[in-house]
Amino acid sequence: MFAVPAHEQLVGRGSEIARLKDVMKALAAGRGTVVEIAGDPGVGKTSLLGVLAAQADRSGVRVLRAHAVRGTEVPYHVFRDAWGAWSGDEAVREGLRADPGAPPFSKAAPPSVPTRFLTGLLVRTLFADWTADSGGVLMLDDLHWCDEESAELAVQLIRTPVPGPFVLVVAHRPRQMRPVLLEALDHGTRAGTVIRIEPAPLDVDAVTLLLDSWRMGGGAPAASCPAPAFPGAKPTVLADSQRHFDIRRYAEQLHAACDGNPRNLRILAAAGWHSDSWPDCPGNDRDALLREAATLTAELDALTPDATMTVGAAAVLGDPFRLEVVAAVSGLGMKRTLDALSELTCGDLVRPLASGGRFAFRSRVLRHVAYERTALSFRLPAHRRALELLTVRRASAVARARHAEHVLGADDTAALPVLAEGAMEIVAESPATAARWLSLALESLPDGGKATPSHVTLMLDCCRALTAAGRLEDARDLVHEVLSDDSRLPEDLRLNAYAVCADIERLLGRYDEAEAVAQVALETLPRPLPDPLPAGAADLAFKYGLVHMLRGTYRQARALVREVAGAADGTSDVAWLGLRALSAFGDVYIGKMDTGMPEVTRCARLVDGLPDAAAARIPEALAMIGCAEIYLERFADAFRHLSRGLRVTSGGAQHMAMHHFLGLSFLGQWTGRLDQAQQWALEAERLARSIGADDAVGLAMTMRAAVLIWARSHRDTAEIVALAEEGMRSISPGQGWWAGAVAVQLGQIRLMSKDAHGCVRILLEEGGGEGLPLAQPQLRPEILATLSTAALRCGDRDAARRWAGDAETIAEQLGLSVQRSHARRAWAVLHLADGEHAAAAELFEESAEGFRRAGMPVQHAWTLVLGARSAAAARGQETALSWLDSAVRVSRSYGAVRVREEAARVRGKLLVAAGSDPAVTGSGPGRLSLLSEREREIAELAAAGKRSREIADGLYLSPRTVEAHLSRIYRKLEVSSRTALAAILQQAPGAVDR
């Protein structure tokens, strides 16, 4: 029996399999056809043949399957292979016994009839007889390798198909297919006698599913997929989301590496692929790589000696490569290399690029397989020749360093400076590679030279690269080695070393150590500060100020930061701009708006004028400017700077990317980008876990919970609170800024979960008591407004009024619109509780409009929902329902499920109070507002009696997706059947009979 192996589920091939099923249905009805399955190597052509064979076997249809063989000289070989599996006809047995050099059935050919035409006629007759009962399928795999006689016979069968229930299936690589066969297949496709199936590369979703199934032990290669992010935790939807996000992220990166090719995916997964080492290395398991790549190595083994040397030289050089460079590295010369390249292009191992006279391997995976198959005796001299050639050509240091690392032991003198220079060029883009090169260079230096400035500089550069790559403990060990005897260091190197050390200690969460290290070096600076400043002074002051910022004690560092920033004003070093951005952000952070606001504007203008290469040297400046702009409610500018910070550090420092993602998640939460905000928080959490930054992990988890409290149903509240509490527990005790930021998020989550006492407790504890002295001044009105609402729910009206008044006073002092809107909403809630609906409705409306103008749609919608009761009492039912309708429209656009649920609940209460029947106007149609546009569309189709498959076909979805939507619809509407769903839809305003 033909069957697809369990581990080959052909994920992502639904449309192709559906077309094969249609072929089998037609065959069952007595109609045959020709099927062409065309695509690049490894895309899954043979697997699709297996699917068709299994379908035919289950249907009782006869199947013959044959493979063309590369380089065979036996005429009609592929057909002999097929006929060898079929011995049911005397003529076939006679043909197989014929001389291999003659066409089959040649004895039956009259002398007056050309053999090839009579052969085709007899073959069609035989197949027609063979398929007369139940039909038959002939599968010819790898037909691009067939002999000339087989090609001629295949052309006849394609152009003049066998009558009756007979299916001819040919699978091939178009780039290597004989032109005569390509022409026949193209003609048949245009004429409608050939069905062409071209499997596309897998998408990211398919790769994600495969990796998840492999990780769970599906029998495929042991891919190095991320482990669950919450080991030992109770499995829940929210707890699993980080694991799924990690796998998805890994899948996206692996998808880009394998170009969506299933075979390449399996090879890289087997090799233990990791993004940090790609594209330099496919993984750390060479044996598994070659074992999984057996099909590719067979292609390489079939090459001539010259082609083998050429492909080896090309693998050493990497993609793309030039003819003349390969000729020089291989030593074959131009003519022999040209002939070898012709062989390689004909075999589709390498391909010419569109311009520039360059070539590239068919895939990057093939290049790595070719490299690993190259003999060491050839590979190392080839790297040396490549290095010499690129040096003469003045190629980039990165290009030369890729060869220098392989010849380091043999020629340290030439390789060492190349590695150091290349590392500096690539550190922003690939810090892991830079760290590897610098570590190799350090290992090759003699121990006696460790005290030299050049050696210390190399060590500090390596520390920075290790830090950017997330290897903080390794970086700490190395910098402490530098500082073990700092008395012999020049002043600039000593300041740099202390700055690097302070930064590493900060990233490890050791703020006391970080402050102490920076303070030791700062105390050595002369007073007054010299002009010009010593090199490294600005960076050291920056690290010192940043430590205090994250400890929540920036006021202690403000004077020194401003002093050093002023002394460095106007210098060409971009480190000065980073220090100035810190000073501006610090003033905003502690509430000094008179100096902070204009300075943020100036710093933003200066950073905007920097090229990306310069901006990449101070990514902290972009992060701080962006976060300051969030606090100043300049959301568009904040998004621009935070996004640019990610872009210029793409692939670079993980700790900086983590801070940018945290800022973006905070921004997304404020501006209603709930889906993106959750993804940004997940990315920040992933990066924080990778470098061991527990405080950032806790903040990212709590920020994700703060987004989910709006984006998920009230039924998920317990899980969301648990996620936020877990984030709070991850924060180190006493870590000022981190704990304060988490407390604000957690306090709001507890209020939303009806835990008012818990809200008051956490905000007062982390805020420093009644006056919130430890809270961020620019967020104090929002925090006080939250406290006011919580106190009201706790029954303490005096505290609620006091905190609402404080919120209003501070908001007016700050002059921030959003903070003013929070304060007004707090007063509106108080008026509502007192029954003063006219005053409440006016304040609710002002607050909602303030949020709308600021670009905070979720808060705008929530305020309308909160104020609907007062609007009904003061302005009438129609106004209140209009507010709720507006809130639902906004919340549906931004995915704020919690707002829609609350709007439905309030609507029901208002309609009950007005004497309407809640069973008709509130309970049923009111809940329809919880549905998204897609869900409403699916609900209507399901209520009309359409099956899931019919709905899927009409909306171009998969049946599984439709079923998932229906599950959510039933849950939101609290129904359990399509009948109940139809009843609710029939009650909706404007419903018609279906």
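The model is predicted: local features need pLDDT of at least 70, side-chain atom pairs count only at pLDDT 80 or more, and totals for chains, interfaces and linings use all residues. Residues are numbered from 1 along each chain as its sequence is written, and side-chain values use heavy atoms, with hydrogens and water left out. The protein has 49 helices and eight strands. Helices (H or I, at least four residues) and strands (E, at least two) are DSSP runs, numbered from the N terminus.

**Overall figures**

- Of the 994 residues, 56% count as buried. Buried means under 20% relative accessible area, exposed over 50%, and partly exposed in between, with a 1.4 Å probe and protein chains only.
- Among contacts with a separation of 6 or more, 66% come from residues 24 or more positions apart. Contact means heavy atoms within 4.5 Å.

**Five-stranded sheet**

- Five strands form an open sheet in the order β2-β3-β4-β1-β5, and the pairing is parallel. Two strands pair if DSSP finds at least two bridges between them.
- β2 (62–67) and β5 (194–197) stand at the edges. Each has a single partner strand, so one side of each is left without a neighbour in the sheet.
- Neighbouring strands are turned by 15 degrees against each other on average, direction ignored. Axes are lines fitted to C-alpha atoms, for helices over the stretch in contact, and angles run from 0 to 180 degrees between N-to-C directions.
- Strand β1 (residues 33–38) runs parallel to β5, joined by four bridges. Glu-36 has Arg-196 in β5 as its bridge partner.
- Helix α1 (residues 14–28) packs on this sheet. The helix touches β1, β3 (136–141), β4 (166–172) and β5, and its direction makes about 160 degrees with that of β5.

- β3 is mostly covered, with six of its six residues buried.
- In a regular strand the side chains alternate between the two faces of the sheet.
- Gly-136, Leu-138 and Leu-140 point one way from β3, while Val-137, Met-139 and Asp-141 point the other way.
- Six bridges pair β2 with β3 in the parallel sense. Here His-67 stands opposite Asp-141 in β3.
- Five bridges pair β3 with β4, again in the parallel sense. The bridge partner of Gly-136 in β4 is Phe-166.

**Three-stranded sheet**

- An open sheet of three strands has the order β6-β8-β7 and antiparallel pairing.
- Its edge strands are β6 and β7 (350–352), each pairing on one side only.
- β6 pairs with strand β8 (residues 358–361) over two bridges in the antiparallel sense. Arg-322 stands opposite Arg-358 in β8.
- Helix α15 (residues 334–346) packs on the sheet and touches β6, β7 and β8. The direction of α15 makes about 105 degrees with that of β7.

**Helix pair α34 and α35**

- The axes of α34 (residues 694–711) and α35 (residues 717–730) come within 7 Å and cross at roughly 160 degrees.
- That makes α34 roughly antiparallel to α35. Angles under 35 degrees count as roughly parallel, over 145 as roughly antiparallel, 65 to 115 as roughly perpendicular and the rest as oblique.
- The crossing of α34 and α35 is left-handed. This term applies if the near helix is turned anticlockwise from the far one by less than a right angle; clockwise is right-handed.
- Residues of α34 in the contact include Asp-694, Met-701, Arg-704 and Leu-708, and those of α35 include Ile-720, Leu-723, Glu-726 and Met-728.
- The contact residues divide into eight nonpolar, four polar and four charged. Ala, Val, Leu, Ile, Met, Phe, Trp, Tyr, Cys and Pro count as nonpolar, Asp, Glu, Lys and Arg as charged, and the others, Gly among them, as polar.

**Backbone spots to check**

- Most residues other than glycine have a negative phi, and most peptide bonds are trans.
- A cis peptide bond joins Trp-278 and Pro-279, with omega about 5 degrees. Pro-279 lies in the loop between α10 (262–271) and α11 (286–292).
- The bond from Asp-319 to Pro-320 is cis, with omega near -15 degrees. Pro-320 is in the loop between α13 (305–317) and β6 (321–322).
- Asp-142 has a positive phi near 55 degrees. Asp-142 lies in the loop between β3 and α6 (148–159) and is buried, at 17% relative accessible area.
- Glu-633 has a positive phi of about 65 degrees. Glu-633 lies in the loop between α30 (619–631) and α31 (635–648) and counts as buried at 15% relative accessibility.
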